[in-house]
Each structure stands twice: as structure tokens, then as C-alpha cells.
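Here is a walk through one model, written for someone who would rather look at contacts and angles than at a cartoon. Have the viewer open and follow along.

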Amino acid sequence: MVLKPVISVCLLLMCVQALNGQDTIRGVVLDRMDLAPVSGAMVWCDSTGNPANAVQTDGNGAFTLITRGHCQENIYVSAIGFAQLAMTRDKATRFYRMLLAPVPVHLNEVTVYAFEASRQMLETPGGLAVIDGEALRQFEQTSVLPAINMVPGVKMESRGAGGSRRISIRGSSLRSPFGVRNIKMYWDGIPLSSPDGSTPLEVIDVVNIGQLQLIKGPAGSLYGAGNGGVLLFRTQDADPLIKKVSWEGLYGSFGLNRIVNKLYVNEPNVKQTAAYIRQDNAGYRDQEANFKDMVMLKSGFFIGQRQVLTLLGYFYNGYWELPGALDSAQVASDPRQAVPFAISGKTAVHRKRGRIGLKHSYRLNDSWSNETSIYNNYTTKINPYGTSAFFNGYKDEQALG
């Protein structure tokens, strides 16, 4: 009779000790590219990285991990098609938002019959190219032109470091002065292209790009009829739970100076990226100097597990001189000279652009989601132009919409 109370007390103490030894970790696992939930991902916490006690995420990407003993080391996440993620445990964080980076998956060879008349549009395959941020930064940083020209069927041209640009996708080469038509572009789901179809390529800087997707040919009509293609840009974000400040400098011949300052903040419910870019170049030819100042800000706010609010804004201030075209005799004499009238007329373009956009993303389940975006932009341009007394003028333009 005396042993029963003693046994009961011992059992109670053992239960209390076991409860005190448990550690509960909750969170959600998402695809960092489109914030879609990753179901079936393995999550575990162990100093050795051994997934013996791992749990799986549910259909919404959520998980609850109960460990024996306090988890003082890393939290690991692994899923098919994604790079494994290791995150340092933070005692102050009660809910973890784990963002996995997709990795290429090699498939067996298949035969595709494209654009059959009997198939619906959503079932029709199309040409798609993906360039990640690391591949973009393997080229020189002053322009996206070298990286884009590596994609088959795509050609980008530029008249100097600051002149007009042109993109042709499978022969679609319509353009407007200092912009691009017939090709739509989006940045984190917010339109870069204006309602008239033109897109200012000068505001796109390599340092801000985390990934670029190019949709070629008729498949681009998913974003609207009559498109030659679509370019989808995504911001270069920091890894989860990272706060970082970075500085980059580039110096080259002909007075090239480029400075980039960036700020990354990636917390459980907020991720922000801010960048300031200053670039100067005296130019190879006379009357070919150019510069640009640009500020870009992207903020993402997680509202629960299903909603994300994205804010994107930039301000661009650029100036580039126009030296004019030389004939063969002038090139033989001095390839660095400018057309005399271009110097006397101080032909140049001074352009300012600004845009702010807001996007709301809501994911109901794996099959249904909605994205709504609104934006406003403005631009000004001062442009004394002309290469001779018979062709010259002055433009002072403003637009808001």
C-alpha cells in the first residue's frame, strides 16, 4: 500500500521530465521562386544532419517537428527537385518560413509535337529558357546583353552603353525608340511593359536579377495576343533569416566607374532587398559619355500561410550622349571622333523613369491561386538630337500613367 504513492510520484516526475525535454518547431516550406507550398518535404533537426527523426510537410507545406531534447543546432529541409537547406536554429523564432531553391532535374529523352491544331493552348508546349543570377553574373555587369544573347533564338542589340536597345525573339524585332515593343516583361509579377507595349530596357540591371525566364514564340500569347515573347524577371533575394549589406565596385578603361550598394533583410514574415547603382563611362568616342543613377526596392510581406503582398519600386536617372554615325572615310581617319554637328549641338538624351507597383498573391490550394497587381509610372526625357544641319531638333517629353 505504501509503494503505490511512491510509484505514482515517480511516474509523474518522469512525465514532467519528458515533457521538459521536448522541443516543438513549427513552420512552412515554400518554393522560393513562386512561393508555392512544397508538400512531402522532409524536415529534421540534428547536429549531425541525420534525418532519422524527420517529419513530412503536408499539402500546404506546413510541418510540426517535436524533438527529443532541445534543438540547438541546424534545422534541415530536403525535397525532390530542390537544394537541401540548413538553417541555424533561433530560439526567438517560433515559426519558420523555409524557402527552397529549385535545382535542375534531368529527365529521359522525350519527343514533343508542338502546336498541334487539335490541342488546347494550355496543353501546347512552348520554348522556355531560364537564366539564373549566377549565370548572369558570369558576364560583364554593365549590361544584360551578353547573357541574353546566349539563349538560342534570342538576339539583343544596343547602340553603345547608353543608346537605344532592341530585342528580337525568333525574328520578332518590332521596337520603339529607347524601348521595346511586341515583347512583354514582368518583374516579380508586376508589369514593366507599358499599356502601349513598350518596355524601357535601361532600368534593368544585372545586379538586381535573381532569375530570368524567357518564353519564346507563340507560347508568349499566354500573356496576351500578338506577343513575340515574354521576359519574366525575379529579384535577387537573400537566403532565409539573413541580414546583409554588400558593396561592389567595378573600374575599367575609358573612365568606367560602377558602384553597387545592396541591403538584404530576410526575416520570417518579411523579406526586403534595396539596391543603389551608380555607373559612369566617358565612352570610347567623343560625345559618348554616359551615366546612370538608380535605386530599386522590393519588399515582400507574408500574411499568414496563403497570402503575400509584394511592393516593387524604382527610380532611374540616366544620361547618354549621341556621337552620330561615321562613314568609312571618317572611321579610317579617326574611329573615336564624333560627327561635328553632334558636338556643336550637344546631342544627348537625359531620361528619368520611376515606377511603383503592388501585387497581392493568394493561394487557395495546389490548383487555384490568384495574383492581382497595380502600378503607376512616370517618365521625362530631354533630347537634343540630330547629326547635321538638315536633321536636328529638340524634344522635351513627359508622361504619367
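Is E397 buried, exposed or partly exposed? E397 comes out as partly exposed, at a relative accessible area of 36%. Keep in mind that this is a predicted model.

**The sheet**

Let's start with the strands. An open sheet is built from eight of them, ordered β17-β18-β19-β20-β21-β22-β23-β24, and the pairing is antiparallel. The edges belong to β17 (242-252) and β24 (391-400); each has a single partner strand, so one side of each is left without a neighbour in the sheet. Direction ignored, neighbouring strands here are turned by 10° against each other on average. As background, strands of a sheet pair through backbone hydrogen bonds, either parallel or antiparallel.

Zoom in on one pair: β22 (residues 348-363) and β23 (residues 369-388) run antiparallel and are joined by 14 bridges.

**Salt bridges**

The model has ten salt bridges.

| Pair | N to O distance |
|---|---|
| E202 and R353 | 2.7 Å |
| K359 and E371 | 4.0 Å |
| K381 and E397 | 3.8 Å |

Take the E202 and R353 salt bridge, at 2.7 Å. E202 sits in the loop between β14 (190-191) and β15 (209-216), while R353 is in strand β22, so this pair ties together parts that are 151 residues apart in sequence. Both ends are worth a click: E202 is buried at 6% relative accessible area, and R353 is buried too, at 12%.

Now the K359 and E371 salt bridge, at 4.0 Å. K359 belongs to strand β22 and E371 to strand β23, so the pair ties together parts that are twelve residues apart in sequence.

Since K381 lies in strand β23 and E397 in strand β24, the pair ties together parts that are 16 residues apart in sequence. K381 is buried, with a relative accessible area of 4%, and E397 is the partly exposed residue from the opening question.

Elsewhere, D205, R258 and K292 are linked in a network of salt bridges.

**Nonpolar cores**

Which residues have the most contacts inside the largest nonpolar core? They are I167, M185, I204, L231 and F233, in a core of 32 residues. Strand β21 (residues 307-321) supplies the largest share of this core, four residues. A second, separate core has 17 residues, among them I25, A41, V43 and M98. The general background: in soluble globular proteins, nonpolar side chains tend to be buried together.

Leaving out residues up to four places away in sequence, F233 touches M185, Y186, W187, D188, L192, I204, I209, Q211 and L212.

**A buried loop residue**

V151 is in the loop between α3 (145-148) and β9 (154-158). Its relative accessible area is 7%, and because the cut-off for buried is under 20%, V151 counts as buried. With residues up to four places away in sequence set aside, V151 touches A129, I131, L214 and K216. For A129, 22 residues away along the chain, the C-alpha separation from V151 is 7.0 Å.

**Aromatic pairs**

There are five aromatic pairs. One of them, F254 with Y284, is edge-to-face, at 5.4 Å centre to centre and 85° between the planes. This pair links distant parts of the chain, 30 residues apart: F254 is in the loop between β17 and β18 (256-266), and Y284 is in the loop between β19 (270-281) and β20 (290-303). F254 is partly exposed at 38% relative accessible area, and Y284 is partly exposed at 39%.

For F291 and Y319, the ring centres are 5.9 Å apart and the planes are at 25°, so the pair is stacked. F291 is in strand β20 and Y319 in strand β21, so the pair ties together parts that are 28 residues apart in sequence. F291 is partly exposed, with a relative accessible area of 23%, and Y319 is partly exposed at 25%.

How values were computed
Residues are numbered from 1 along each chain as its sequence is written. This is a predicted model: local features need pLDDT of at least 70, side-chain atom pairs count only at pLDDT 80 or more; totals for chains, interfaces and linings use all residues. Side-chain values use heavy atoms; hydrogens and water are left out. Helices (H or I, at least four residues) and strands (E, at least two) are DSSP runs, numbered from the N terminus. Buried means under 20% relative accessible area, exposed over 50%, partly exposed in between (1.4 Å probe, protein chains only). Contact means heavy atoms within 4.5 Å. Two strands pair if DSSP finds at least two bridges between them. Axes are lines fitted to C-alpha atoms, for helices over the stretch in contact, and angles run from 0 to 180 degrees between N-to-C directions. A salt bridge is a side-chain nitrogen of Lys or Arg within 4 Å of a carboxyl oxygen of Asp or Glu. A nonpolar core is a set of buried Ala, Val, Leu, Ile, Met, Phe, Trp, Tyr and Cys residues joined through side-chain atoms within 4.5 Å. Rings of Phe, Tyr and Trp (its six-membered ring) pair if their centres lie within 6.5 Å; planes under 30 degrees apart count as stacked, over 60 as edge-to-face and the rest as tilted.
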